[in-house]
Amino acid sequence: MCIRDRALGTFIKGRHYVELAAGFSLAPVQETSLLSESLEDGVYLLQIGLGYKFYVTPKHTFMGFYLCAGLGYAYMRWSYKNPFEAMAYDEYGDELGMETISSDGVSGFEMYTGLGLNFVQSEGFQLGGEVLPGFIAWGGETSEGFDNDVFDTFYYTKLKFFVRFGW
């Protein structure tokens with residue numbers, strides 16, 4: 001469930017469009033999943049990235065077709081149902097003592113490509129959709145220093161429909 005997804009962009013050199021996008025999502029964990037026994041409420045996903053669109057058709061046409069690509073950073077965070085204690089270490093590997101771990105997270109790198117179509121486009125209005133296949137490659141270690149042996153590379157295809165006002 002996407003709670004918030006915002007983008008700020010501009011045209012550069014005619015048909016080239018760049019945007020900075022940020023998003024926040026909540027993904028509940030299925031009750032049948034092994035993760036449901038360990039995690040509280042599901043996972044939160046924060047994302048920020050850069051997108052690029054090349055408009056094959058000019059802006060003044062009634063319909064518009066474009067190609068998309070993007071790169072981004074993602075951070076997934078979760079809380080444990082049952083906090084636990086683990087040994088904490090400094091940057092030299094020396095023990096600092098026990099600490100209670102109640103939540104953790106993992107960083108990832110996102111990349112996507114895709115196609116977009118404005119069914120209707122004018123100077124102040126666009127109605128369209130995008131198909132964006134991509135992936136998020138999660139890091140090998142969590143924020144708390146544990147091996148990430150749970151979250152593999154996540155492949156997806158986003159299907160977006162939108163109404164925009166203004167270019």
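Select F62 to begin. In this predicted model, F62 sits in the loop between strand 3 and strand 4. Is F62 buried or exposed? F62 is exposed, because its relative accessible area is 56% and the cut-off for exposed is over 50%.

Now widen the selection to the patch. Strand 7 gives the most, with four residues.

Strand 3 and strand 4 pair in the antiparallel sense, over 15 bridges. Pick Y44 and look across: its bridge partner in strand 4 is R77.

Next, strand 5. Strand 4 pairs with strand 5, also antiparallel, over 22 bridges. Select G70 and find Y112 of strand 5 opposite. Then follow the two strands to their turn. They form a hairpin with five residues between them. Stop at G93 in that turn, where phi is positive, about 90°.

Now move to the core. The largest nonpolar core has 22 residues, and M76, W78 and W138 have the most contacts inside it. Color strand 3 (39-55), strand 4 (64-89), strand 5 (95-122), strand 6 (125-138) and strand 7 (154-165): these are the elements that give two or more residues to the core. Strand 4 supplies the largest share, seven residues.

Finish on W138. What does W138 touch beyond four places away in sequence? Its contacts are L45, A74, M76, V106, S107, G108, N148, F151, D152 and F154.

How values were computed:
Residues are numbered from 1 along each chain as its sequence is written. This is a predicted model: local features need pLDDT of at least 70, side-chain atom pairs count only at pLDDT 80 or more; totals for chains, interfaces and linings use all residues. Side-chain values use heavy atoms; hydrogens and water are left out. A nonpolar core is a set of buried Ala, Val, Leu, Ile, Met, Phe, Trp, Tyr and Cys residues joined through side-chain atoms within 4.5 Å. Buried means under 20% relative accessible area, exposed over 50%, partly exposed in between (1.4 Å probe, protein chains only). Contact means heavy atoms within 4.5 Å. Two strands pair if DSSP finds at least two bridges between them.
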